[in-house]
Amino acid sequence: MRGLNAIVCDVLSFAREIRPRSELVPIVDLFERAVDANLPALDAANVDVVFDDSLEEGDCVAVDRDLIHQALVNLIRNAVEAMAAGAPPCRDGALTLAARREDDHFILIVRDTGPGIAEADVDRIFNPFFTTRNTGTGLGLAIVHRIVDAHGGSISVYNDDGAVFEIRIPSHDAEKEHGSAS
């Protein structure tokens with residue numbers, strides 16, 4: 001029954017209209033809350049979480065706290081599952097969370113030490129119902145994409161000793177200049 005419940009929740013989450021209610025949120029808080037939500041899986045898979053030194057306590061981004069939380073939880077869960085699967089070249093089971101400012105955007109980075117994403121799948125992983133796993137709906141990354149898009153941002157993925165997801169969100173300075181903050 002739990003599996004069916006998860007499928008229904010994924011489909012409803014994907015189908016609903018997304019209207020972010022932006023507020024200034026410390027990036028560290030976003031990462032810590034998403035890690036806390038994934039603690040049982042992180043512990044079970046023996047994955048270490050590393051907060052990159054470039055992440056500063058005062059860095060804030062204007063986002064819908066709950067929506068970005070959902071996106072980060074999905075990315076972290078996927079990373080843990082990839083590393084727990086133990087497919088080569090998994091090495092040390094480390095999840096690195098980082099952020100940097102680039103022009104008028106913040107880049108939120110979720111990096112794992114899993115096997116990475118097959119090059120043939122990189123362009124398709126954000127498509128609804130696309131999955132390489134035996135379980136799941138294939139909606140997790142599609143939901144992440146919709147959430148990021150609703151914030152006026154973008155998401156990309158590449159391989160670098162594991163998978164690296166980068167969420168690009170306009171900084172609150174850029175939103176003020178363009179009048180798009182809610």
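**Strand pairing and an aromatic contact**

Mentor: Arginine 100 has isoleucine 107, in E5, as its bridge partner. The model is predicted, with local features requiring pLDDT of at least 70 and side-chain atom pairs pLDDT 80 or more, while totals for chains, interfaces and linings use all residues. Residues are numbered from 1 along each chain as its sequence is written, and side-chain values use heavy atoms, leaving out hydrogens and water.

Helices (H or I, at least four residues) and strands (E, at least two) are DSSP runs numbered from the N terminus, and two strands pair if DSSP finds at least two bridges between them. Strand E4 (residues 94-102) runs parallel to strand E2 (residues 48-51), with four bridges joining them; phenylalanine 51 is there partnered by leucine 97 of E4. With strand E5 (residues 105-112), E4 pairs in the antiparallel sense over eight bridges, and the two form a hairpin with two residues between them, where aspartate 103 in the turn has a positive phi of about 55 degrees.

As for aromatic rings, those of Phe, Tyr and Trp (its six-membered ring) pair if their centres lie within 6.5 Å, with planes under 30 degrees apart counted as stacked, over 60 as edge-to-face and the rest as tilted. One aromatic pair results: the rings of phenylalanine 126 and phenylalanine 165 have centres 6.2 Å apart and planes at 85 degrees, so the pair is edge-to-face. It links distant parts of the chain, 39 residues apart, with phenylalanine 126 in the loop between helix H5 (119-122) and helix H6 (140-150) and phenylalanine 165 in strand E7 (residues 163-170). Buried means under 20% relative accessible area, exposed over 50%, partly exposed in between (1.4 Å probe, protein chains only); phenylalanine 126 counts as buried at 15%, and phenylalanine 165 is buried at 6%.
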